[in-house]
Amino acid sequence: MSENRDEIILRGLKENNLKNIDLNIPKGTINVFTGLSGSGKSSVVFDTLATESRRQMTMNYPLYVRNQMPRYERPHADLMQNLSPVVVVEQRAVGGNSRSTVGTYMDIDPLIRLLFSRIGDPSIGSATDYSMHSTFGRCPKCDGFGEVVTPDVNKLVDFDKTLREYAVQFKPLSPSGWQGQWMMTCGLFDPDKPIKEYSEENRRLLLDGPPGGGTIYAPFHTKDGPHNAQWDGLLPRFTRLYINRDVTKLKQVSQEDVLAVSTHSICPLCHGSGLNPKVLDSKINGLNILEYDDLELTEIQTELEKIKDPLGKSVASQAIPPIKQLIEMGLGYLSLSRKMGTLSGGEAQRVKIARHLGSSLNNMTYIFDEPSAGLHPEEVRLLIEMLKTIKKQHNTVIVIEHDLSVIKAADQIIEMGPEAGIGGGEIIYQGNAKGLKGSSASTTLDHELQLNKHPRKGKYSFSIENATINNLKNISVEIPKNVLVSVCGVSGSGKSSLFLEAFTEKYPETIAVGQDRIGISSRSTLATYMGVMDDIRKIFSKETGQPAGLFSFNSLGACPVCHGKGFTTPDVAFADPVTITCESCGGTRYSDEALSFYYKGRNIVDVLALTVDEAVDVFEMPKIVKKINTLKEVGLGYLTIGQTTSSLSGGEVQRLKLASQLKKEGQIYLLDEPSLGLHMKDNEKLLDVFQNLVDKGNSVIIIEHNLDFIAASDWVIEMGPEGGKRGGHIIYEGTPEKMLQAKTITAKWLRNGMEQ
């Protein structure tokens, strides 16, 4: 065994599909893990190395502190030595909170508020007073939301109907509820006269209450006689009961119900900022805090560098580094107020990476899960420089990646394989880029693009006219039908705005497959996701005469000990958590009774253990065969139909989502970065799927950075020329072959790919 302390030593790794592998990872280097989707990359990097490092870090804290922290089970491995503290940048989406902005995510906003509290003129108080989340800082009219919600009388009331005919369209105030009954029996209103026939005075009383506000006596009749009650008007009552309170705590009405009969409008007091107008009176060099947040990052840096006041300069010097990080990542056109949820995939990925680059700590291990995801080849160049900077600061960089540019920049390449799933879990190659060429690895660095020189020509086209969503500059475009169309361009150039918003708005029948993750429940399997599990249970039920629920581990068939989980987690108090395979069912999740019934010589566990390739030959029901075949078509034939969706890799999830939408002919398919998480070998399979879809009469549009897909397309549309305000234009339309002559960023990289 190596005694070199500059190596991470891993021995006998057995997590998931890993085949008892041994591995040494040199520290202070860039190490790229590659290989087919599901080959075991994440099992080594995340489930073993990162998990063990985090587990050991938590061991440094007292027991009572550890009990409040995330707890990690020791990975299945014989030996894990010389680990460093890890910083993990995963593929998960950022900005789940609707109020989350670039400024809040990067922790720059608190510094800007502190800056205004120190040198803002006039000063209004502490840093928290400059926030819409504080009692003073939030707008008193809209409570900091920037918009006001008011009842829409034309949505709330159908004036052609009577009260008895449900003139009031909101269920809790209609005759089906006690308040609607009260309106009909209180004696103030005729329940059988259409509202439009009420006198002006009576209609005002119904809608707004008595003149001048207040209430009027309106007895509420019950079987015990009239009860004293006061009528305040339909609109004031709706506002008081359903707008000015937390409706999430009500059982019979949802927020969606309230919004359906309401209107949203910009708050007239704060003009949408959510801030108290007094906060906006405080300025630095003529700019208030709202104007600061709306500046582009390059402009904010200039403003911060202008500050000479010693008190403000010390605060500004803390805000400048993270802003510079974002600018260096090519995001200088963003503002601090930009909502995280509105960022493109590539923009969000770079913001996420930039967040972790401000630390001065070294001898760390930085782990990146496909950092090139969502990035244009031009932006990948910036990413590589960033990885090299982290390495120069005496850190170890570990990257899971399929992008050839990133792989070429590695000091060491580790390919997992040879296949995916049960056929993977081994190290196929470990070494530098030079040695990869003569190895048995499936990754080839001299990969040459295959240009489509005979593109299909669509007879008809889709059209978008005068699109102005987000940064789109009044775009009109014709998109050919029944061909493979690639939409490319740098991050933030307007691709998603044009197609995921403007296009789907005009063509709502579009089948859009986005980048969203699927359900991660441990009880969700391939069979349940594809909608065939119910049919499989029915087949068993018909064959055996038993209830279908007996063949579900969520119902009658669940193991009585682990309740269908397949494992138990005993209470170990402060010790590391331990997961033990259920001794009763052996991890199958099913009861002995459920396992005693067979279909074609297989019990339910045997059937769920079938791979997709095997299952096609076992089942006869056309619906099951058809759906399972789609999994085979997208290259997932190696997975078992009982495999949990939570255990799938990013590339497998992407193809599973696509498979669930296939077999619908004559349709419009719109896919957002379908190559995400896929190895080049997987790309070939996915391209074949797209070409087959088009051959069957479908229209396929892909938003993509991968040059293999762009080169293979029939038609290419490039957005640009840059991101944000400087984007939103169509800078190329045409075939991939003609694109070689264009003077665009993507064309430059396409030419480079042809010269490999």
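The model is a predicted one, and residues are counted from 1 along the chain.

The sheet comes first. It is an open sheet of 6 strands, and reading across it gives the order S5-S14-S15-S3-S16-S17, with mixed pairing. Strand S5 (86–89) and strand S17 (426–431) sit at the edges with a single partner strand each, so one side of each has no neighbour in the sheet. On average, neighbouring strands are turned by 15° against each other, direction ignored. Helix H1 (residues 41–58) packs on this sheet, where it touches strand S3 (30–35), S5, strand S14 (365–369), strand S15 (396–400) and S16. The direction of H1 makes about 140° with that of S5.

With S3, strand S16 pairs in the parallel sense over 5 bridges. With S17, strand S16 (residues 412–417) pairs in the antiparallel sense, also over 5 bridges. Individual bridges can be picked out by name. On the S17 side, Met416 is partnered by Ile427, and Glu415 by Tyr429. Strand S16 is also mostly covered, with 6 of its 6 residues buried. That goes for both of its faces: Gln412, Ile414 and Met416 are buried on one side, and Ile413, Glu415 and Gly417 are buried on the other.

Next come the helix pairs. Two packed helices are described by the angle between their axes and the distance between the axes. Helix H7 (residues 200–208) and helix H8 (residues 234–243) pack at an angle of about 5°, with axes 4 Å apart. With such an angle, H7 counts as roughly parallel to H8. The contact brings Leu206, Leu207 and Asp208 of H7 up against Leu234, Leu235 and Pro236 of H8. Sorted by type, the residues of this contact come out as 5 nonpolar, no polar and 1 charged.

The other pair is helix H4 (residues 109–119) with helix H13 (residues 310–328), which pack at about 170° with their axes 9 Å apart. Angles over 145 degrees count as roughly antiparallel, and H4 and H13 are therefore roughly antiparallel to each other. From H4, the residues taking part are Leu111, Leu114, Leu115, Arg118 and Ile119, and they meet Leu311, Gly312, Val315, Ala316, Gln318 and Ala319 of H13. This contact divides into 8 nonpolar, 2 polar and 1 charged residues.

Then there are the aromatic rings, which make up 20 aromatic pairs. One of them joins Phe170 and Phe238 in an edge-to-face arrangement, 5.0 Å from centre to centre and with 85° between the planes. Phe170 belongs to the loop between helix H5 (153–156) and helix H6 (178–185), while Phe238 is in helix H8, so this pair ties together parts of the chain 68 residues apart in sequence. Phe170 and Phe238 are both buried.

Trp182 is in helix H6 and Trp231 in strand S10 (residues 230–231), which puts the partners 49 residues apart and links distant parts of the chain. The cut-off for "buried" is a relative accessible area under 20%. Trp182 has 3%, so Trp182 is buried, and Trp231 is buried as well because its value is 1%. Trp182 and Trp231 also belong to one aromatic cluster, together with Trp178, Phe189 and Phe220.

Last up is Phe709, in helix H26 (residues 707–712). Its relative accessibility is 0%, so Phe709 counts as buried. What surrounds Phe709? Leaving out residues up to four places away in sequence, Phe709 touches Ser486, Ser675, Asn683, Leu686, Leu687, Phe690, Ile702 and Glu704. Asn683 is 26 residues from Phe709 in sequence, yet their C-alpha atoms are 8.1 Å apart in space.

How values were computed: Predicted model: local features only at pLDDT ≥ 70, side-chain atom pairs only at ≥ 80, totals over all residues. Heavy atoms only, no water. Pairing = 2+ DSSP bridges. Helix = DSSP H or I, 4+ residues; strand = E, 2+ residues; numbered from the N terminus. Axes fitted to C-alpha atoms, helices over the stretch in contact; angles between N-to-C directions. Contact = heavy atoms within 4.5 Å. Parallel < 35°, antiparallel > 145°, perpendicular 65-115°, else oblique. Nonpolar A, V, L, I, M, F, W, Y, C, P; charged D, E, K, R; others polar. Phe/Tyr/Trp six-rings, centres within 6.5 Å; stacked < 30°, edge-to-face > 60°. Buried < 20%, exposed > 50% of the residue type's maximum accessible area, 1.4 Å probe, protein only.
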